[in-house]
Amino acid sequence: MKSTVKHNVEIQYAVSRCSLGSILVASSAKGVCAILLGASPAVLLQDLQVRFPEARLVETAVTELHTKVVEFVEAPGVGFDVRLDAHGTDFQRRVWRALREIPAGATASYLDIANRIGSPKSVRAVAQACAANPIAVVIPCHRVVRTDGGLSGYRWGVERKRALLAREGAR
């Protein structure tokens, strides 16, 4: 996905560890623009560079914001009240808003989300929007399951999805 970030916009990021592996938290002046999960900090940085090719990326020490994000990943039921700067198409942002309405401990199907946003025939596009989600856990695409309730793919791995749902009490 091509980023809408203008050239010379600064994005600050930090990488640390959490129970799900490495976590990269990035923010612009407008808010959190990426939370990426994975096994390798180098791969997470590469993902950030691909998502924001025009931005000036600045590595920082772990900040209070980063700590808040990690605490939320560890206990997602506590809520997260930080501004987001999610970059995506209008359709993706509609999907991501609908995902944020799914409470911790609950799940919804891709069809449920398609219906919620008024596009019942766009189940595949909903799945693609989930896969493009730049803000893991806070935009909870891990709470989206198949219509039969089974786990399907997750951008950061099905095992992480299973772990997140378990800690929320959904599985």
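Before I began: two strands count as paired if DSSP finds at least two bridges between them. I also noted that this is a predicted model.

**Entry 1, a strand pair.** With that rule in hand, I looked up S2 and S3, which pair in the antiparallel sense over 7 bridges.

**Entry 2, the whole sheet.** Next I asked myself in what order the strands of the sheet run. I found an open sheet of 4 strands, ordered S3-S2-S1-S4, and its pairing is mixed. Strand S3 (31–38) and strand S4 (56–59) are the edge strands, each pairing on one side only. From one strand to the next, I read an average twist of 25 degrees.

Back in strand S2 (residues 21–28), I stopped at Ser 22. Is Ser 22 buried or exposed? I put Ser 22 down as buried, because its relative accessibility is 0% and the cut-off for buried is under 20%. The side chain of Ser 22 makes a polar contact of 3.3 Å with the side chain of Arg 17. Leaving aside neighbours within four places in sequence, I listed the contacts of Ser 22, among them Ser 16, Leu 36, Leu 37, Gly 38, Pro 41 and Leu 44.

Terms used. Residues numbered from 1 in each chain as written. Predicted model: local features only at pLDDT ≥ 70, side-chain atom pairs only at ≥ 80, totals over all residues. Heavy atoms only, no water. Buried < 20%, exposed > 50% of the residue type's maximum accessible area, 1.4 Å probe, protein only. Polar contact = N/O pair within 3.5 Å; in protein donor to acceptor, adjacent residues only side chain to side chain. Contact = heavy atoms within 4.5 Å. Axes fitted to C-alpha atoms, helices over the stretch in contact; angles between N-to-C directions.
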